[in-house]
Amino acid sequence: MNELQLKVLELLKEDARRDAELIATMLDHPVAEVKEAIAAMEQDHIIVKYATVVNWSKVDDEKVTALIEVQITPERGRGFEGIAERIYLYPEVKSVYLMSGAYDLLVEVEGKTLKEVASFVSNKLSPIDAVLSTKTFFILKKYKQDGIIFEENEGDHRLMVSP
């Protein structure tokens, strides 16, 4: 990966709506080189998707998100890969991470209700033979995601008093 590609990635990460012309201007590079860098990164699956960060608390579409710590027994010859794949294929699962520490996988699950998420854990996740234990944490409020602060602090509007 070259320096131009890294700079382009940083700018797209900040705002995926930036087009090649704007990025070329910001980086003082020819538009053709920027377009070529973006196309190459898409082809190599470095850029996998352009996504929007949504503050769901401002939308009437209620969702419940949970983070689930999962302890598992690795499979012989495949380690954690097979179990992780089995878990991430469920449509409710938004993310799966291999972790160091007290648990092996961190699974992000989204559902319409607490009951729906609980049902996923008890009926789909926990029965997997390799799963030793789960610990579920429901997200109550998101303050910041992907570097974006959802609710700006209004600050202190009191008047200054001097003696």
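Trainee: In which helix is Ala 37 found?
Mentor: This is a predicted model, and everything said here refers to that model. In it, the helix in which Ala 37 is found is α3.

Trainee: Does Ala 37 count as buried or exposed?
Mentor: A residue is called buried when its relative accessible area is under 20%. Because the relative accessibility of Ala 37 is 7%, Ala 37 counts as buried.

Trainee: Which residues does Ala 37 touch, not counting residues up to four places away in sequence?
Mentor: Ala 37 is one of the α3 residues that meet α1, together with others including Val 34 and Met 41. Once residues up to four places away in sequence are not counted, the residues that Ala 37 touches are Leu 4 and Gln 5.

Trainee: By class, how many residues in the contact of α1 with α3 are nonpolar?
Mentor: On the α1 side, the residues in this contact include Leu 4, Val 8 and Leu 12. By class, the contact has one charged residue, one polar residue and, as for nonpolar residues, nine.

Trainee: Which side chain of opposite charge is nearest to Glu 108?
Mentor: Glu 108 is found in strand β3, residues 105–111. Glu 108 is buried yet has no salt bridge, and a salt bridge would need the charged atoms to be within 4 Å. The nearest side chain of opposite charge is 4.5 Å away, and it belongs to Lys 142.

Notes:
Residues numbered from 1 in each chain as written. Predicted model: local features only at pLDDT ≥ 70, side-chain atom pairs only at ≥ 80, totals over all residues. Heavy atoms only, no water. Helix = DSSP H or I, 4+ residues; strand = E, 2+ residues; numbered from the N terminus. Buried < 20%, exposed > 50% of the residue type's maximum accessible area, 1.4 Å probe, protein only. Lys, Arg positive; Asp, Glu negative; His and termini not counted. Contact = heavy atoms within 4.5 Å. Nonpolar A, V, L, I, M, F, W, Y, C, P; charged D, E, K, R; others polar.
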